[in-house]
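Here is a brief report on one chain.

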Amino acid sequence: MPPKSFSEKFANLENRDVKHSACVCRRQCNNCKIFLGFFVLSLSLHLVTLFCYLDLRSEVKREILEKNRGDVIPVGSAESRELVPPELQLLDMSYSAIDMQSGVHRSRGLRDSRLAAESMESVVHRVKRSQGGKRPEQDRNGGNGKRKERKKGKKGPPGAPGPPGPPGPAGIPGIPGIPGTNAPGPPGPPGPAGPPGPQGPPGPQGPSGGGERVRLRDYQPAVVHLQGQETTIQVKEDLSEGVLRNWKMISIHHKVFKMHSHSGQLEVLVDGTYFIYSQVEVYYLNFTDIASYEVMVDKTPFLRCTRSIETGQRKFNTCYTAGVCLLRARQKISIRMVYEDTSISMTNHTTFLGSIRLGEAPSGGHA
């Protein structure tokens with residue numbers, strides 16, 4: 001049983017393959033028929049096109065032949081006589097006269113006339129070709145060969161110039177013109193600026209220190225003067241660290257000096273040699289018999305002034321001091337009282353502080 005079933009299966013497979021191949025062949029046959037139909041259609045279109053081309057060609061040839069026949073001039077016409085040279089016309093007339101005189105030789109004259117006509121036609125064709133294809137125009141609508149009026153030809157080249165004629169009479173002299181002036185005309189506009197010239201040689205060296213002199217002119221001389229403000233001060237109660245503050249600026253050079261009103265210090269802005277002067281008016285009420293103050297540069301005493309007063313009496317006195325000092329920028333000048341038990345009269349004429357800048361500080365100088 002198993003072998004039989006296997007053979008049946010194999011037969012079924014073969015049948016399926018045969019059916020499948022038959023379907024494929026049918027499809028291919030259908031494709032071939034479609035291709036063959038398109039091929040026949042294209043071939044027929046080509047044949048129709050070829051037939052139309054040949055018909056059109058024959059029509060064109062026919063029209064060309066008719067046109068050439070219409071262009072041929074008949075023998076014996078007036079136009080042919082115009083185109084034939086006079087020698088040939090005389091020859092034709094002589095032939096016609098001989099035929100009229102001799103009736104016997106008529107047949108021979110006919111043959112000669114035919115030969116003359118043929119030669120005349122050939123001459124007419126040669127003349128027409130020599131005229132460059134100038135043919136009489138025909139009526140295209142009627143086609144009866146009637147020629148229209150002939151057009152005029154082109155003008156020939158001009159002839160040679162003739163001999164010069166005799167000179168004519170002299171003309172009347174003209175009116176003389178207005179004489180011109182020799183005055184110069186107005187000046188024209190200025191021209192464009194020319195290119196810059198070459199750089200000249202360097203000039204001689206100038207004197208040294210010119211810029212330094214201009215700079216020192218702003219600082220020398222520079223003066224500052226401070227005065228009291230008409231008040232009375234108790235050093236112990238009114239002053240902090242004994243430094244006088246109630247100053248009024250009378251004159252100041254702002255590029256060299258700067259006043260600090262809150263601290264009572266005078267700041268120097270430029271290095272240099274300065275003359276410093278000061279005076280203070282003091283009085284006592286039996287507290288001490290010595291009055292003293294110091295001129296300070298920053299925190300260092302520079303000058304000191306001291307006065308003694310008799311005890312038991314009310315005394316007023318002024319103490320003046322001055323000196324020259326080398327100062328650097330940012331250093332500050334002030335007055336500090338030495339003793340606390342001192343009263344100060346801040347009047348404008350008795351208590352004051354000032355400084356004058358004398359010049360530049362030496363390179364090795366110290367404040």
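## Terms and basis

Helices (H or I, at least four residues) and strands (E, at least two) are DSSP runs, numbered from the N terminus. Arg-330, for example, lies in the loop between strand 9 (315–327) and strand 10 (332–337).

This is a predicted model: local features need pLDDT of at least 70, side-chain atom pairs count only at pLDDT 80 or more, and totals for chains, interfaces and linings use all residues. Residues are numbered from 1 along each chain as its sequence is written, and side-chain values use heavy atoms, with hydrogens and water left out.

## Overall make-up and confidence

The chain holds six helices and twelve strands. Of its 367 residues, 24% are buried (under 20% relative accessible area; exposed means over 50%, partly exposed in between; 1.4 Å probe, protein chains only). Contact means heavy atoms within 4.5 Å. Among contacts with a separation of 6 or more, 71% link residues 24 or more positions apart.

The average pLDDT (the predictor's confidence in each residue, from 0 to 100) is 76, and 63% of the residues score at least 70. Residues 95–99 fall below 50, and this stretch has three contacts in the model beyond near neighbours in sequence. Residues 132–146 also stay under 50; here the model has 15 contacts beyond four places in sequence.

Five strands form an open sheet in the order 4-5-10-7-8, with antiparallel pairing. Two strands pair if DSSP finds at least two bridges between them. Strand 4 (257–260) and strand 8 (300–308) are the edges; each has a single partner strand, so one side of each is left without a neighbour in the sheet. On average, neighbouring strands of this sheet are turned by 20° against each other, direction ignored (axes are lines fitted to C-alpha atoms, for helices over the stretch in contact; angles run from 0 to 180 degrees between N-to-C directions).

## Strand 1 and its partners

Strand 1 (residues 222–228) has six of its seven residues buried, so it is largely enclosed by the rest of the structure. Six bridges tie strand 1 to strand 12 in the antiparallel sense. Val-223 has Ile-356 of strand 12 as its bridge partner. Strand 1 also runs antiparallel to strand 3 (residues 247–251), with four bridges.

Ser-355 belongs to strand 12 (residues 352–359). Ser-355 is buried, at a relative accessible area of 0%. Its side chain reaches the backbone oxygen of Phe-275 at 3.3 Å. Beyond four places in sequence, Ser-355 touches residues including Ala-222, Val-223, Val-224 and Phe-257.

## The nonpolar core

The largest nonpolar core has 33 residues (a set of buried Ala, Val, Leu, Ile, Met, Phe, Trp, Tyr and Cys residues joined through side-chain atoms within 4.5 Å). Leu-244, Met-337 and Ile-344 touch the most other members. Leu-244 touches Leu-239, Gly-264, Val-280, Ile-335, Met-337, Ile-344 and Met-346, leaving aside residues up to four places away in sequence.

## Loops with positive phi

Which non-glycine residue has a positive phi of about 60°? That residue is Glu-230. Glu-230 sits in the loop between strand 1 and strand 2 (231–234).

Arg-330, also not a glycine, has a positive phi near 80°. Arg-330 is exposed, with a relative accessible area of 59%.

Conventions
Polar contact = N/O pair within 3.5 Å; in protein donor to acceptor, adjacent residues only side chain to side chain.
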